[in-house]
Amino acid sequence: MSKSQWQLNGVPRTMILTTRARADEDRRTDGLFGDRQAREWSDRLPWDVELDSFYSSQTQTGWAIRADYFDRAVRQQIAASQQPLVIELGAGLSSRYYRLQQDNLFWINLDLPEVNHIRHQLDTETDNYKFIGASALESNWIDNLPYRKPEDITIVAEGLLMYFEPEAVAQLIAQMRARFPGATLIFDIVGVSYRRAAKKLEALGAPLHWFVGDLEEVTRMGVEIVSAQSLFQLHPERWGVLRWLTWLPFIHNMTLILETKLKL
């Protein structure tokens, strides 16, 4: 695949970084998960040298640990469902479907049309594995979903909502609540202490807009928080000296992964 065939700008460009992170995790003998699909896709995609400064052992660790936690949370929801439907918003080149695949699972990857175009060159749809080319902030994608009871629906937004303005996040949650009240929504947030680190992303054309001061800000949007997990307290053996600093609020709250229910 030539560079002109996958040239991306802004937020979609970050999917090259996270795909490589999962591929590198697959290469580790002590990896948190195997991901042959990410490894194959990463090997096929030409690396943009301008991304070198955004990729390090620490960022790889963070993206891999985050992916592993989301896997565990989604797997638990699938196990509790009769007809599980998983919708990944801003899916990028997520290969989670292949890590969690099972016979009764219906899976939808949703991302912008230009991202969807690249996925079609690397991946293949099936009867129960579909791609939708749209922004999560549009409303028409909701109308293209198969019917499921709310308790069978899991919506995933990994590394996505922080790129939206708070008002846009609130509107998206309101739309999903209207359609899927009681469904599970799993997503990550960044705290106000992440602002300085986020400055670097502006150079990538992917500035962050939603920095959460406290969890009440999230609940006011219409979700019930079932659990909130600090990224830096997961797999402490992988964080080096940072593992000893996670009790500090500005580090603990820098990145949280939330498992929530859309309020009725």
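## Charges over rings

The charged end of R243 lies over the ring of W244, at 4.9 Å from the ring centre; a charge sits over a ring if NZ of Lys or CZ of Arg is within 6 Å of the ring centre and within 35 degrees of the ring normal. R20 likewise places its charged end over the ring of W47, 4.4 Å from the centre.

The model is predicted, so local features need pLDDT of at least 70 and side-chain atom pairs count only at pLDDT 80 or more, while totals for chains, interfaces and linings use all residues. Residues are numbered from 1 along each chain as its sequence is written, and side-chain values use heavy atoms, with hydrogens and water left out.

## Aromatic pairs

Across the whole structure, a search finds nine aromatic pairs (rings of Phe, Tyr and Trp, the last by its six-membered ring, with centres within 6.5 Å; planes under 30 degrees apart are stacked, over 60 edge-to-face and the rest tilted). Because the ring centres of Y97 and W107 are 5.9 Å apart and their planes stand at 65°, this pair is edge-to-face. Both Y97 and W107 are buried (under 20% relative accessible area with a 1.4 Å probe, protein chains only; exposed is over 50%, partly exposed in between).

## Strand 4

Strand 4 (residues 153–157) has five of its five residues buried; strands are DSSP runs of E with at least two residues, helices runs of H or I with at least four, numbered from the N terminus. I153, I155 and A157 point one way from strand 4, and T154 and V156 the other way.
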